[in-house]
Amino acid sequence: MPQADTARFLQDLHDLRKIGAFKTGVHRPTYSPQDMESREWLMERMREVGLEPTIDGIGNVFGKHPGPGPHLLAGSHIESQNEAGWLDGALGVVGALAMARAGLPVDVCAFADEEGHFEGGFLGSRSIIGELSEEEIDRSRNRTDGTPLRQALQAAGLAGKPRIQIDPARYKGFFEMHIEQGTQLENAGLQIGVVTGIVAIWQFRLEVIGQQDHAGGTTMAERKDAGLTAMRLLAAIDAEFPRICGERSTWTTGRITLEPGAPSIIPGRADVLFQFRDVSMEVLRRMEDGLRRLVQESNRRERCQTTLHVVARATPALCDAAMMAALDEAAEAHAPGKWQRMPSGAGHDAQYIAKQMPAVMLFVPSIGGISHHWSENTSDEDLALGCQVLVDGAARFLGKA
Ligand SMILES: [Zn+2]
């Protein structure tokens, strides 16, 4: 059975942490000098483990396994959010290197801009599956400083390089190790999460129409307060959803805008951005049905009318059953009773790669659940265990265990 060199894996992670170091985390925004330095560092490590590295026209660093297949694909992203953690993304890339070092027939990839520094986000994983057009590259700008993507690619020395696309026929499946970025594992005293799928986000807009009027002259009995109707509807959703949702469903009201938004004017209009997430289409549909029913009830009860607009409905990316089973076995072998299956509430590169081949993710605990912040951390023990389970699980999936 292939052995994971966990000491070397931890050394690589801590070496990578020095590039763009910020407090105990890193600052490596996409295509910044420090991000490009980390991509160069990665290509060196790829050569060391016998892979043939290239960097493509969108910044994907791809290390090709020169030997015979069947092959696996593994990786994650290497850039970070601004002034953020050292493990988000880096873990999956360095874990993939450990798979190659253990002798597994794996191509390793660091997908560019998973973190969405540029409009569109997931540039690398979308590009590599053929879902990023030249027109979108022409249009996209940096969300922080407005720099056009083309200009950033030019400055990073990537302009004119061809973009790599993967041939799904080359691979048996894709592995991505990642930190959990939540507290499920830590709270349950567990060390490994075998990911069942990546949740889909369904987004809606609730538009409530009332009557804008004077806050003193209009009696409580006669007013049509769009703000109050919106609040009562949101409270009703919050009371009803626990009865119809899944075990790990989430729902969020991200923005409430009252118009005109003045202290002495009754709001004539409320605009609410509302979303929910789950890994099951059945649960997602049930939640939408529930939402529609609550809007109807509100419209019967209230003096202000609410219209539900659908903004976006994505499809959950489900993990492959055989790959999950291989990780289950590996987790039980190395951490008996200390693992569980769980969905991912956050988006990851795997959700795009899963469109082209079987895919699975492996989670390790995040201390305090903190991520997208420089204090993000995981114990070396949990990191090393995750690496062991990843390598062992991949080997079992290939039938070599
Ligand atoms: Zn990430």
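Analyst: Buried means under 20% relative accessible area, exposed means over 50%, and partly exposed lies in between (1.4 Å probe, protein chains only). This is a predicted model, where local features need pLDDT of at least 70 and side-chain atom pairs count only at pLDDT 80 or more, while totals for chains, interfaces and linings use all residues. Residues are numbered from 1 along each chain as its sequence is written, and side-chain values use heavy atoms, with hydrogens and water left out.

User: How many helices and strands are in the chain?
Analyst: Helices (H or I, at least four residues) and strands (E, at least two) are DSSP runs, numbered from the N terminus. By that rule the chain holds 12 helices and 17 strands.

User: What radius of gyration does the chain have?
Analyst: The radius is taken over C-alpha atoms, and the globule rule is 2.2 Å times the number of residues to the power 0.38. For 401 residues, that rule puts a compact globule near 21 Å. The chain agrees with this, at 24 Å.

User: What share of the residues of the chain count as buried?
Analyst: The C-alpha trace spans about 80 × 50 × 40 Å along its principal axes. Of the 401 residues, the buried share is 54%.

User: Which residues coordinate the zinc ion?
Analyst: Donors are N, O and S atoms within 2.8 Å of the metal (3.2 Å for Na, K and Ca); water is not among the atoms, so sites may look incomplete. In sequence the donor residues follow the spacing H-x10-D-x89-H. At 2.0 to 2.2 Å, the zinc ion is coordinated through NE2, OD and NE2, in that order, of His77, Asp88 and His178.

User: Is Asp88 buried or exposed?
Analyst: His77 and Asp88 both sit in the loop between strand 5 (71-76) and helix 3 (90-101), 11 residues apart. His77 has 0% relative accessibility, so it is buried. Asp88 has a relative accessible area of 6%, so Asp88 too counts as buried.

User: Which residues does Ser38 touch, beyond those up to four places away in sequence?
Analyst: Ser38 belongs to helix 2 (residues 33-48). Its relative accessibility is 0%, so Ser38 is buried. Contact means heavy atoms within 4.5 Å. With sequence neighbours set aside, Ser38 touches Leu16, Ile19, Arg28 and Ile78.

User: How far apart are the C-alpha atoms of Phe204 and Phe276?
Analyst: Phe204 is part of strand 9 (residues 200-209). Its relative accessible area is 1%, so Phe204 is buried. Its contacts outside four places in sequence include Phe276, Glu288 and His309. Phe204 and Phe276 are 72 residues apart along the chain, yet their C-alpha atoms are separated by 8.8 Å.

User: Which residue is joined to Pro70 by a cis peptide bond?
Analyst: Most peptide bonds are trans. Pro70 lies in the loop between strand 4 (61-64) and strand 5. With omega about 0°, the cis bond joins Pro70 to Gly69.

User: What is omega for the peptide bond from Glu259 to Pro260?
Analyst: Pro260 is in the loop between strand 11 (250-259) and strand 12 (265-266). The bond from Glu259 to Pro260 is cis, with omega near 5°.

User: What is phi of Tyr31?
Analyst: Tyr31 sits in the loop between strand 2 and helix 2. Its relative accessibility is 8%, so Tyr31 is buried. Tyr31 is not glycine, yet its phi is positive, near 70°.
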